[in-house]
Amino acid sequence: MISLTDSQKIGMGLTGFGVFFLFFGMILFFDKALLAIGNILFVAGLAFVIGLERTFRFFFQKHKMKATSFFLGGVFVVLIGWPIIGVVLEIYGFFLLFSMWTKWARATPWYNSDFFIPKEGCRSTAGFIKQHNLLWR
């Protein structure tokens, strides 16, 4: 079992509430206040879970500056009052930030196993996708 410190437990709560407020803010037609609260709670929770230093190292790596600028720029745009544009920027930045994780996940056996129904003329969909390099160009 994984043991968590008290600050990590607080961070998990903050992150969970942040995700809840972000989701609820989108459900309620991009409510500015809920999205702003969700953004602040999510980033604060992340800092509590992994620590301030590791949070800064994660966001401000040289190869992640584009992703960080889109994500934090989206947070800023939501805070100044343009929620739809801000959320679009945040989602794009979030996917860029975690694109390294998806490249790692592609190398794991569970990701490459045959989850899909095979298409015609191909033994497996995973093999077809690999053969034609459809995931990442």
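Glu53 is exposed, with a relative accessible area of 56%. Exposed denotes over 50% relative accessible area, buried under 20%, and partly exposed the range in between (1.4 Å probe, protein chains only). The model is predicted: local features need pLDDT of at least 70, side-chain atom pairs count only at pLDDT 80 or more, and totals for chains, interfaces and linings use all residues. Residues are numbered from 1 along each chain as its sequence is written, and side-chain values use heavy atoms, with hydrogens and water left out.

Glu53 forms a salt bridge with Arg57. The closest N and O atoms are 3.7 Å apart. The criterion is a side-chain nitrogen of Lys or Arg within 4 Å of a carboxyl oxygen of Asp or Glu. By this rule, the count is one salt bridge. Both Glu53 and Arg57 lie in helix H3, four residues apart, about one turn of the helix.

The chain has eight helices and zero strands. Helices (H or I, at least four residues) and strands (E, at least two) are DSSP runs, numbered from the N terminus. Along the sequence the pattern reads α-α-α-α-α-α-α-α. Of the 137 residues in the chain, 28% are buried. Among contacts with a separation of 6 or more, 48% join residues 24 or more positions apart. Contact here means heavy atoms within 4.5 Å.

Helix H2 (residues 32–50) packs against helix H3 (residues 52–59) at an angle of about 115°. Their axes are 6 Å apart. Axes are lines fitted to C-alpha atoms, for helices over the stretch in contact, and angles run from 0 to 180 degrees between N-to-C directions. H2 contributes Leu46, Ala47 and Ile50 to the contact. H3 contributes Leu52, Arg54, Thr55 and Phe59. By class, five of these residues are nonpolar, one is polar and one is charged. Nonpolar covers Ala, Val, Leu, Ile, Met, Phe, Trp, Tyr, Cys and Pro; charged covers Asp, Glu, Lys and Arg; the others, Gly among them, are polar.

One cavity of 30 Å³ or more is found in a search of the whole structure. The largest cavity holds about 40 Å³ of space. A cavity is a set of points, on a 1 Å grid over the protein atoms alone, where a 1.4 Å probe fits but cannot get out; lining residues have an atom within 4 Å of a point. Grid points are joined across faces, edges and corners, and the volume is the space filled by probe spheres set on the points. Phe42, Leu46, Phe58, Phe59, Phe71, Phe94, Leu97 and Phe98 line the largest cavity. H2, H3 and helix H5 (83–97) each give two or more residues to this lining. The lining has eight nonpolar, no polar and no charged residues.

Most residues other than glycine have a negative phi. Phe29 has a positive phi, near 55°. Phe30 also has a positive phi, of about 55°, although it is not a glycine. Phe29 lies in the loop between helix H1 (6–27) and H2. Phe30 is found in the loop between H1 and H2. Phe29 is exposed, with a relative accessible area of 76%. Phe30 is partly exposed, at 27% relative accessibility.

Met26 sits in helix H1. Its relative accessible area is 35%, so Met26 is partly exposed. Met26 touches Leu35 and Val87, not counting residues up to four places away in sequence. Met26 and Ile84 are 58 residues apart in sequence. Their C-alpha atoms are 8.9 Å apart in space.

Note on methods: 1 Å grid on protein atoms, 1.4 Å probe; cavity = no way out; pocket = protein on both sides within 12 Å on 5 of 7 lines; lining within 4 Å.
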